[in-house]
Amino acid sequence: MISLDGATCGRPAWIGKRLTCVCFKRKGVYEGICFNITPKQEERLNRLRHRMKVYFDGSRPDHQEALRALWSATYPGKELHGLISDQWKEMGWQGRDPSTDFRGAGFISLENLLFFAKTFSTSFQCLLKKQGGNRSAWEYPFAVAGVNITFMIMQMLDLDASVKPRTFIRSVFLQMLSENEWAFDLLYCVAFVVMDKQWLEKNATYMEFNEVLKSTRTQLERELLMDDVLRIEDMPSYTLLC
């Protein structure tokens, strides 16, 4: 995790029972961010943490239904022959059974894909079909890339480490989460279009996917730290979504 010059004020990080104060060096000047963790904010953070801990379980009816919902949102009107089928390879899963690809990020990665498909269907379909730009002969697999993006954001935000914010990035996101319960899912959608944009700009191939993912994280962190970015919707790359 980036801690922005590693500079913190020499004062306690916690003042009082629920007042968190973190100070970082930003643009050469020490700036602080302080906020009260209200019951509502804590509830949202705990709910997100719970989502992050849920493993995909192919035997659970609700998880099966979520997979079917993803298929329907991705291929409207096209019949799915089964939860284990060669059809899933069309979406960019590694094999006939997509459940094997959720191990890295869990059920929330499926929720993220479904949120993307339903909320920004035009962008979702464009990335799925690899429309626009000079595409590589060896493209990234769409669905598996989505799972990796979820995992990257989980690592970047470090939400499961402790209640006390350790970085400015994390503190900024917690403020955004307090304003919008779907901040994580919206950030995921932004991350996906940023990743694809970076992919095209670098003329990348599949073997360079991890490098593109790293540069995507750097871009997200840069935008989250902008002075005028108070919501996910304020991020410059949010305008890429449609």
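I began with what covers the buried residues of helix 3, and found that the cover includes helix 1 (39–53), helix 2 (61–74), helix 4 (121–128), helix 5 (142–157) and helix 7 (183–201). This is a predicted model.

Next I listed the buried residues of helix 3. They are F107, I108, S109, L110, N112, L113, L114, F115, F116 and A117. That is 10 of the 13 residues, so helix 3 is largely enclosed by the rest of the structure.

I then checked the length of helix 3, residues 107–119. At 1.5 Å a residue, its 13 residues should span 18 Å. The C-alpha atoms at its ends are 18 Å apart, which agrees.

**Confidence**

I looked up pLDDT. The mean for the protein is 85, and 82% of the residues reach 70 or more. Residues 1–19 fall below 50, yet this stretch has 41 contacts in the model beyond near neighbours in sequence. Over residues 22–30 the pLDDT also stays under 50. There the model has 33 contacts beyond four places in sequence. I noted both stretches and moved on.

**Helix 1 against helix 6**

How do the axes of helix 1 and helix 6 cross? I found them crossing at roughly 105 degrees and coming within 9 Å. An angle of 65 to 115 degrees counts as roughly perpendicular, so that is how helix 1 stands to helix 6. Helix 6 covers residues 168–179.

I also noted who meets whom. From helix 1 I have Q41, R44, L45, L48 and R49. From helix 6 I have R170, F173, L174, Q175, L177, S178 and E179.

**Cysteines**

How many disulfides does the count give? I got 0. C242 is in no disulfide. Its nearest cysteine sulfur belongs to C126 and is 7.1 Å away, whereas a disulfide needs the sulfur atoms within 2.5 Å.

**E221**

Is E221 buried or exposed? I found a relative accessible area of 4%. Buried means under 20%, so E221 is buried. E221 lies in helix 8, residues 209–224. I then compared its position with that of I169. E221 and I169 are 52 residues apart in sequence. In space, their C-alpha atoms are 6.8 Å apart.

Conventions. Residues numbered from 1 in each chain as written. Predicted model: local features only at pLDDT ≥ 70, side-chain atom pairs only at ≥ 80, totals over all residues. Heavy atoms only, no water. Helix = DSSP H or I, 4+ residues; strand = E, 2+ residues; numbered from the N terminus. Expected span 1.5 Å × (residues − 1). Buried < 20%, exposed > 50% of the residue type's maximum accessible area, 1.4 Å probe, protein only. Contact = heavy atoms within 4.5 Å. pLDDT = per-residue confidence, 0-100. Axes fitted to C-alpha atoms, helices over the stretch in contact; angles between N-to-C directions. Parallel < 35°, antiparallel > 145°, perpendicular 65-115°, else oblique.
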